Amino acid sequence: RDGRDAAVSFYHHLSHQLRKDGSDVVFKGTYAQFHALWVEGKIAYGRWVDHIRSYHAARGHKFVVFVRYEDIKNNLSGTVHKLNAF
């Protein structure tokens, strides 16, 4: 997933998700504040680059296929055929 899209989506997710005790949202602040913390790895699940590296290491594994949202959006039929052949 494109990191720019993921950042905006994650910001909205955490800005609307309640804490377990229901006291407040998980993240309260501006997008700029969120982004700075996210890049530094101070938001849940760590730094984006570490997330990318964690699954990028599986590239080429016989049980892993990578599908990009953009590929699905631009060529759904071709992407489905790729998955079916996998």
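## Where H1 meets H2

In this predicted model, Gly-3, Ala-7, Val-8, Phe-10, Tyr-11 and Leu-14 of helix H1 are in contact with Tyr-31, Phe-34, His-35 and Trp-38 of helix H2, contact meaning heavy atoms within 4.5 Å. By class, this contact has eight nonpolar, two polar and no charged residues, where Ala, Val, Leu, Ile, Met, Phe, Trp, Tyr, Cys and Pro count as nonpolar, Asp, Glu, Lys and Arg as charged, and the others, Gly among them, as polar.

H1 covers residues 3–16 and H2 residues 31–40, and the two pack at an angle of about 115 degrees with their axes 10 Å apart. The helices are therefore roughly perpendicular to each other, a term for angles of 65 to 115 degrees, and H1 passes H2 in a right-handed crossing.

Tyr-45 lies in the loop between H2 and H3 and, although not a glycine, has a positive phi of about 80 degrees. Tyr-45 is exposed, with a relative accessible area of 78%, exposed meaning over 50% (1.4 Å probe, protein chains only).

Arg-53 belongs to helix H3, residues 48–56, and is exposed, with a relative accessible area of 53%. The C-alpha atoms of Arg-53 and Ser-23 are separated by 34 Å, the two residues being 30 apart along the chain.

## Basis of the values

Residues are numbered from 1 along each chain as its sequence is written, and side-chain values use heavy atoms, leaving out hydrogens and water. Because the model is predicted, local features need pLDDT of at least 70 and side-chain atom pairs count only at pLDDT 80 or more, while totals for chains, interfaces and linings use all residues.

Technical notes
Axes are lines fitted to C-alpha atoms, for helices over the stretch in contact, and angles run from 0 to 180 degrees between N-to-C directions. Helices (H or I, at least four residues) and strands (E, at least two) are DSSP runs, numbered from the N terminus. Angles under 35 degrees count as roughly parallel, over 145 as roughly antiparallel, 65 to 115 as roughly perpendicular and the rest as oblique. A crossing is left-handed if the near helix is turned anticlockwise from the far one by less than a right angle, and right-handed if clockwise. Buried means under 20% relative accessible area, exposed over 50%, partly exposed in between (1.4 Å probe, protein chains only).
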